[in-house]
Amino acid sequence: MSSFPARRPRRLRSTPQMRNLVAETTLRPSDLILPMFIADGLDEPNEISSMPGVYQHTFDSLCRATEEALEAGVTCVDLFGVPLEKDKDATGSVAWNPDGILNRGIAALREEFGDDLIIMADTCLDEFTSHGHCGVLDDQGRVLNDESVQLYQKMARSQAEAGAQIISPSGMMDGQVAAIRADLDEAGRDDVSIMAYSAKYASAFFGPFREAVGSSLEGDRRTYQQDPRNFRESLLEAELDIEEGADFVMVKPGLPYLDVLSAIAETSSVPVAVYQVSGEYAMIKAGAANGWVDGEAIMLESLTAFKRAGADQILTYFATEAARLLK
Ligand code: PBG
């Protein structure tokens, strides 16, 4: 008689077919959301040097990249705007101008793709302010909460008007979800949903994004984004956002915060998204370019980890590339 125990987990790993039979996690192209950048005043798309394969888009290239995403089975994009330097001001007013670059980008996508595409818009002022903060400042340079939230309301309303179906407030101001929800409802836009950046950490993993949007920020965002040392406040943030009417909650960055994702996914009564951010993308691309890691394998493994941890949607710059492999 064998001295090994009867319970032998390796039996279920014997062939690809057996492994597929018992796989608990499935990654689908429709789980993926592609973040994209539309930039004002470009003649040609501009590749972001720290994010190979990711571009500041012209209207033309934005539509082409969206077409490719749709062909691969990705049905949702998250749009960020990159304004001209001269259009930035202290309040970021070009953000809610219907002729501002982000609203024009949303409108162009809506016109081109109709209901085939879900358009999500980033609702935050940092790309549009001359100081690069996510809100307005007092005379000491502190970010003002309620004053900033009022500007998010205007921005969200203009994005809904341009054709966005998901508003995505990423500024981490207190009460931003309730305020935007109330204002959208007042404007008769109860059809527009809100994906709240609920647990968003003051992270160095956002580094390449600052290049992507030509950020003017000096300093950091530690007075409004969460401290990486803390876990509990993520639960509070998600709970408050759900109470305030969020249709989705989100955790960001992704891989370094899987514990947070997993805990929120366990208790959330609404879908839970995760954002694999610019630095996570850049590291995988850099490792692969050096031949140090297998880029495709690591990409799929990290996306699978998000689903295993409980994510319902994954925002990732890999969306199109990954979806092609999953088809
Ligand atoms: C702020 C915003 C940021 C990102 C998304 N929305 C940057 C920040 O908070 O500093 C980061 C995305 C990424 O790194 O991929 N509007």
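**View 1. Ile38 of strand β1 and its bridge partner in strand β4.** In this predicted model, Ile38 has Gly81 as its bridge partner in β4. The two strands, β1 and β4 (residues 76-82), pair in the parallel sense, and 7 bridges link them.

**View 2. Further partners of strand β1.** Strand β3 (residues 55-57) runs parallel to β1 and is joined to it by 2 bridges, with Phe37 standing opposite Gln56 in β3. Pairing in the parallel sense is also found between β1 and strand β10 (residues 313-316), again over 2 bridges, and here Ile33 stands opposite Leu315.

**View 3. The covered faces of strand β1.** Of the 8 residues in β1 (residues 32-39), 8 are buried. One side carries Leu32, Leu34, Met36 and Ile38, while the other carries Ile33, Pro35, Phe37 and Ala39, and because the residues on both sides are buried, both faces of the strand are covered.

**View 4. The cis peptide bond between Lys252 and Pro253.** The bond joining Lys252 and Pro253 is cis, with omega at about -10 degrees. Pro253 belongs to the loop between β8 (248-252) and α8 (258-267).

View 5. Arg8 is placed in the segment before α1 (16-22), and because its relative accessibility is 45%, Arg8 counts as partly exposed.

Note on methods: Residues numbered from 1 in each chain as written. Predicted model: local features only at pLDDT ≥ 70, side-chain atom pairs only at ≥ 80, totals over all residues. Heavy atoms only, no water. Helix = DSSP H or I, 4+ residues; strand = E, 2+ residues; numbered from the N terminus. Buried < 20%, exposed > 50% of the residue type's maximum accessible area, 1.4 Å probe, protein only. Pairing = 2+ DSSP bridges.
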